[in-house]
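Visitor: I have a structure open here and would like to talk it through with you. Could we start once it is on the screen?

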Amino acid sequence: MNGHTTELVIFTLLFLVVSGMGFVAARWRRPKDIESLHEWGLGGRNFGSWITWFLVGGDLYTAYTFVAVPALVFGAGALGFYALPYTVVVYPLVFLVLARMWSVSHVHGFVTPADFVRARFGSPTLALVIALTGLVATMPYIALQLVGIEAVLKAMGITGHLPIIIAFAILAAYTYQSGLRAPALIAFVKDTLIYIVILAAVIYIPAKLGGWGSIFDAAKAKFDASPNPADGITLTAANQLQYITLAFGSALALFLYPHSLTGVLASKNRGVIKRNMAALPAYSFLLGLIALLGFMAIAAGTKPVIGATGKPDTNTIIPRLFDQMFPDWFTGIAYAAVGIGALVPAAIMSIAAANLFTRNIYREYLNKQATDAQEAKVSKLVSLVVKVGAVLCILLLDPQFSIDLQLIGGVIILQTLPAVALGLYTRWFHRGGLIAGWAAGLAAGMWMLYLIPNPANGKAHFGGSAFALKNLGLDTPMTIYAGFLALAVNLVVSVLATLAFRAAKVAEGEDATSRDDYFADEGDPRVKELDLSAAH
Amino acid sequence: MTTREPGQPRSDRSPWNWLLVLPIALPLMTFLFNADEPRLLGFPLFYWLQIAFIAVGVACTTIVYRMTR
């Protein structure tokens, strides 16, 4: 073995404890019968404020975030800090929207965003488009969680894919058995560990490096010396617009991801959601501190692990920093926090993807008379398939491919905004117009991403999300978030196509929801009705 | 549950909701904080002010929640 034995023992121990919890979770807040999507896929739709806070926090702030955001700050400086305004802006932005989504979903028994779109616009086709977009955006995100675990394993000197396969097999088994209850219970451990590790890191490491002032000065010196004009500890004229649109665009996209909505729909009333919108920024504070670990790595002179291809793997920066700074036993805890941090979102994402398949493809096209038990069965099996797919992605493809796909995923999930989010407010759009807008936004987004190179690793295409405005013939060095521009195209086309379809008198779908559905709360007779039907 | 007059349609409209615009707009105005000086506890303005916006976000969402429930 190598010098990482203590770390490895602690990592493995904590991992096993958490796996045990995953299996026991099936009996936690025990339902009469777990064989329905409301139970397996949404944990009984009865989570209170605390569980929701841990679950949604554990879901949104993933292991990949913990590894990639400081790596970006390490490489590019201020631009990487976009993650902070992004997660400050998002909660007030969706405060009212999510409460509406909760109400209409509980009145009608929706499990996925595509369920809502189908009922609102009376269009199975539009629902299929939304479901497929969600699936394509979520899959690479699951694969990326493996990248997070791998970064930690690499830092412990462990190579090869067997540990990842074992970890995901265990994860798949307890998600199959316990459904959403498993990540909800594990999230308590994950978030507690992360809070301990990060708070220790931001007190202990700056003390060893001579204080925050010298950390920022070291970072400034590095960026001043680098030939890249876009890096630095503050923004430049070229990347300010990118910073703003990336933060805002990411905030718009976050709750369009099916897995974010899963945690929201599992809560027991509107008050739980609203209280969480005020409490979740605690994680944003944590994320801001995590981002600054990138600067600490600069000041500490941390070097990334050299990957199999001979290129440095920047995702290993933070694990290496921990290894360099902390005593072995605490490094083991920190690594476990990242590793377990990957399991919670991976479980929720696979459940969300499985629910999309079951509700919007299986029930819509393959078995229209599916019972609750059949739906739960299909979802459980699909959650396994999704995880095997994620592991295969990492084993067979270059991990860079998953990172590219996730980048694309953020841009394409934004294209569901007019139907899902605006749909909660207005029925003005025509279903055909929404499909046209989605297609146009998708095409524009892909075209822009294709044009973006990454000089750092020599890629000519799909090298990032910063689209240079000079591609549009504008004489400026400014860049903008490609997803933001694609959404603008989407909205314009949705409006124009809606007017065109209406002028041509193409049939409108039927709206199965009514105005009052959007404000119903726990205790409302219509909401209760659902609970009775779900419990049979 | 919100208390409401019988017969009055339910709604989530309230003038208090406008308070939510503040924490959405502030963090996106880079000209407010895109500078190194003045530093606070060694943190450049860019970092400490953006971290401080978290508190603005928490305060605004909490007020809106309490005033509209």
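Visitor: What share of the contacts in chain B between residues at least 6 apart in sequence join residues at least 24 apart?
Guide: In this predicted model, 47% of those contacts in chain B join residues at least 24 apart.

Visitor: And how many helices and strands does chain B have?
Guide: The secondary structure of chain B consists of 2 helices and 0 strands, and of its 69 residues 43% are buried. Chain B exposes about 4100 Å², of which carbon and sulfur atoms supply 68%.

Visitor: At what angle do helix α5 of chain A and helix α2 of chain B pack?
Guide: Helix α5 (residues 83-108) of chain A packs against helix α2 (residues 45-68) of chain B at an angle of about 10°, and their axes are 9 Å apart. Because of that angle, α5(A) counts as roughly parallel to α2(B).

Visitor: Which classes of residue make up that contact of α5(A) with α2(B)?
Guide: By class there are 10 nonpolar and 2 polar residues, with no charged ones. On the α5(A) side the residues include P92(A) and F95(A), and those they meet in α2(B) include F53(B) and Y65(B).

Visitor: Switching to rings, how many aromatic pairs are there over all chains?
Guide: The structure holds 37 aromatic pairs over all chains. In one of them, W428(A) and F429(A) have ring centres 5.3 Å apart and planes at 75°, so this pair is edge-to-face.

Visitor: Are those two buried or exposed?
Guide: W428(A) is partly exposed, at a relative accessible area of 35%, whereas F429(A) is buried, at 6%.

Terms used. Residues are numbered from 1 along each chain as its sequence is written. Chains are lettered from A and ligands numbered from 1 in the order in which they are written. This is a predicted model: local features need pLDDT of at least 70, side-chain atom pairs count only at pLDDT 80 or more; totals for chains, interfaces and linings use all residues. Side-chain values use heavy atoms; hydrogens and water are left out. Helices (H or I, at least four residues) and strands (E, at least two) are DSSP runs, numbered from the N terminus. Buried means under 20% relative accessible area, exposed over 50%, partly exposed in between (1.4 Å probe, protein chains only). Contact means heavy atoms within 4.5 Å. Accessible areas come from the Shrake-Rupley method with a 1.4 Å probe; for residues, only the protein chains shown count as cover. Axes are lines fitted to C-alpha atoms, for helices over the stretch in contact, and angles run from 0 to 180 degrees between N-to-C directions. Angles under 35 degrees count as roughly parallel, over 145 as roughly antiparallel, 65 to 115 as roughly perpendicular and the rest as oblique. Ala, Val, Leu, Ile, Met, Phe, Trp, Tyr, Cys and Pro count as nonpolar, Asp, Glu, Lys and Arg as charged, and the others, Gly among them, as polar. Rings of Phe, Tyr and Trp (its six-membered ring) pair if their centres lie within 6.5 Å; planes under 30 degrees apart count as stacked, over 60 as edge-to-face and the rest as tilted.
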